[in-house]
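Here is my note on your model. Please keep the structure open and check each point against it.

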Amino acid sequence: MAIKELEFYHGAVLKRLFSKKNSLNISVFPNDTNCAYVINNKIGIYIKHSTKKISPWRFTFYKKHQDDLLMMKKLLPNVFLILVCWHDGIASINFDD
C-alpha cells in the first residue's frame with residue numbers, strides 16, 4: 001500500500017517528537033481533518049503541510065481547521081500549530097502567538 005502524502009508529512013513531525021527520547025503517549029484528537037494529535041493528554045498539535053518546493057510556503061486554513069484549533073485550546077493547556085514546509089523544515093507556533 002502506498003504511503004499517503006499526509007502520512008509522510010505527519011510522520012516527519014512525529015519522528016522528531018520521538019527522537020527526544022522522552023516517553024510520549026500520542027493519541028489522535030477527534031476531528032474530521034485527521035490533522036490533530038494529543039501528547040501526554042495535555043499538549044495539542046495541529047499539523048499542516050505544504051508541498052510547495054520553495055518558499056514562500058502556503059497553508060490553507062478553512063473555517064473547520066480554525067474551529068478544530070480553537071476546540072483544542074479549550075480542552076488542552078498547550079496547543080501548537082506545526083507547519084511542515086515541504087522537505088525543508090518544520091516550524092512550530094504556540095496557539096497564543
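1. Start with the second largest pocket of this predicted model. Its lining is made of Val13, Arg16, Leu17, Leu24, Ile39, Ile43, Ile45, Phe80, Ile82, Ile90 and Ser92. The volume of this second largest pocket is about 160 Å³.

2. Which elements build the lining of the second largest pocket? H1, E3, strand E4 (78-85) and strand E5 (89-94) each give at least two residues. H1 has the largest share of that lining, with 3 residues.

3. Now turn to the largest pocket. It holds about 190 Å³ of space. Around it stand Leu6, His10, Thr33, Cys35, Ile47, Lys48, His49, Arg58, Phe59, Thr60, Tyr62 and His65. Two elements give two or more residues to this lining: helix H1 (5-18) and strand E3 (43-50). E3 gives the most, 3 residues. By class, the lining has 5 nonpolar, 5 polar and 2 charged residues.

4. His10 is found in helix H1. Is His10 buried or exposed? His10 counts as buried because its relative accessible area is 2%, and the cut-off for buried is under 20%. Setting aside neighbours within four places in sequence, His10 is in contact with Asn34, Cys35, Tyr37 and Ile47.

5. His65 lies in helix H2 (residues 63-75). His65 is buried too, because its relative accessibility is 8%. Beyond neighbours within four places in sequence, its contacts are Thr33, Tyr46, Lys48 and Thr60.

6. What about rings paired with rings? The count of aromatic pairs comes to 0.

7. Move to the loop between strand E2 (36-39) and E3, where Lys42 is placed. Lys42 is partly exposed, because its relative accessible area is 44% and that class runs between 20% and 50%. Which residues touch Lys42, apart from neighbours within four places in sequence? Leu76, Pro77 and Asn78 do. Asp68 is 26 residues away from Lys42 along the chain, and their C-alpha atoms are separated by 16 Å.

8. Backbone angles come next. Most residues other than glycine have a negative phi, and most peptide bonds are trans. Asn41 is not a glycine, yet its phi is positive, about 60 degrees. Asn41 is also placed in the loop between E2 and E3. Asn41 counts as exposed because its relative accessibility is 58%, and exposed means over 50%.

9. Trp86 also has a positive phi, near 45 degrees, in a residue other than glycine. Where is Trp86 placed? Trp86 is in the loop between E4 and E5. With a relative accessible area of 23%, Trp86 is partly exposed.

10. Last, check the peptide bond between Ser55 and Pro56. This bond is cis, with omega about 0 degrees. Pro56 is in the loop between E3 and H2.

Notes:
Residues numbered from 1 in each chain as written. Predicted model: local features only at pLDDT ≥ 70, side-chain atom pairs only at ≥ 80, totals over all residues. Heavy atoms only, no water. 1 Å grid on protein atoms, 1.4 Å probe; cavity = no way out; pocket = protein on both sides within 12 Å on 5 of 7 lines; lining within 4 Å. Points joined across faces, edges and corners; volume = space filled by probe spheres on them. Helix = DSSP H or I, 4+ residues; strand = E, 2+ residues; numbered from the N terminus. Nonpolar A, V, L, I, M, F, W, Y, C, P; charged D, E, K, R; others polar. Phe/Tyr/Trp six-rings, centres within 6.5 Å; stacked < 30°, edge-to-face > 60°. Buried < 20%, exposed > 50% of the residue type's maximum accessible area, 1.4 Å probe, protein only. Contact = heavy atoms within 4.5 Å.
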